[in-house]
Amino acid sequence: MEFRAITLQLDDINEVARLAQLAEDAGFGLAWGIDTPRSNAFVHLAAMAANTKKIQIGSGIARAFVRGPLQTAAAAVDLDRLSHGRMVLGLGSGTRKQNLFETGMHIDHPASQIKELLQVIRQVWALNGEGTLDFRGKFYQLTARGFTLTKPLRQDMPIYLAAVNPFMLRVAGEVADGLAGHPCFSARYMKEVGIPQLAIGWQRAGKSRTDYKITSWLITNIDRDRKLARREAAYQIGFYMSTRSYGGLMDFHGWQREKEAIRAAFFEKRDMEAVADAVSDDMIDTLALAG
């Protein structure tokens, strides 16, 4: 069955709400709201939920460590209630630099910590506003009376994890209900790296492929001028691929020369035109839909 989603990456929350309604009318199954220092996904999703009736809404992706576990659990429940059961909680660990700059904290073991975070969130939902939360983990030590905790509309609300590299992909397969694939995933990377690593996680958890939802973002640029559309795609690809922890994606495709040129342009020259110049036609053809 075909399933289409769209990411609404805009600063204007009123425009986000309007486009979510248009996406619903156009037959999209899910609308993602982004989470950055300038855009709070949960607030954007509230506007989307209030202006739609049937399309799923999802945090694509919410930063896992910039909020407390109880706050994340409660925000997802509030949005699920507001949307009458249409919420998908998408979480991502972020990069080391993102976490340091946005939280002031060093997150040294993101895969292990996000795995524990999901345990906390699911325990909160399972309590259903009753009993006591007494969680003692490596990263979180939490105690809360049941009446202070959120009471979910659905205790099995789906949680998707963002993952790029093999270790995080295995964790995503093991503990999440779905994968929030990276915009710089190619079809080949998904087939040869993503799904095999997810399968290791499914085996650990006793799950199968049919139990799991795989989604992936696709960089899409449309313009009357094909050259301009491809240039816009190059900006996006270059920005993502400047991230050092995504170097494995570049190496997988044999883009070592482009990788070094992008990093030099981004970190040394600080020149986004040079970053886009360093993105090859092969990278655009492989990673984006642009024309």
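Here are a few questions and answers about this predicted model.

User: What ground rules apply to the numbering and the side chains?
Analyst: Residues are numbered from 1 along each chain as its sequence is written, and side-chain values use heavy atoms, with hydrogens and water left out. As the model is predicted, local features need pLDDT of at least 70 and side-chain atom pairs count only at pLDDT 80 or more, while totals for chains, interfaces and linings use all residues.

User: What radius of gyration does the protein have?
Analyst: The radius is taken over C-alpha atoms, and the globule rule is 2.2 Å times the number of residues to the power 0.38. With 291 residues, that rule puts a compact globule near 19 Å. The protein agrees, at 19 Å.

User: Where is Ser-93 placed?
Analyst: Helices (H or I, at least four residues) and strands (E, at least two) are DSSP runs, numbered from the N terminus. The protein has 12 helices and 12 strands. Ser-93 sits in the loop between strand E5 (87–92) and helix H4 (96–103).

User: Is Ser-93 buried or exposed?
Analyst: Buried means under 20% relative accessible area, exposed over 50%, and partly exposed in between (1.4 Å probe, protein chains only). Ser-93 has a relative accessible area of 10%, so Ser-93 is buried.

User: Which residues is Ser-93 in contact with, leaving aside neighbours within four places in sequence?
Analyst: Contact means heavy atoms within 4.5 Å. With those neighbours set aside, the partners of Ser-93 are Ala-64, Phe-65, Asn-99, Pro-110, Ile-114 and Met-168.
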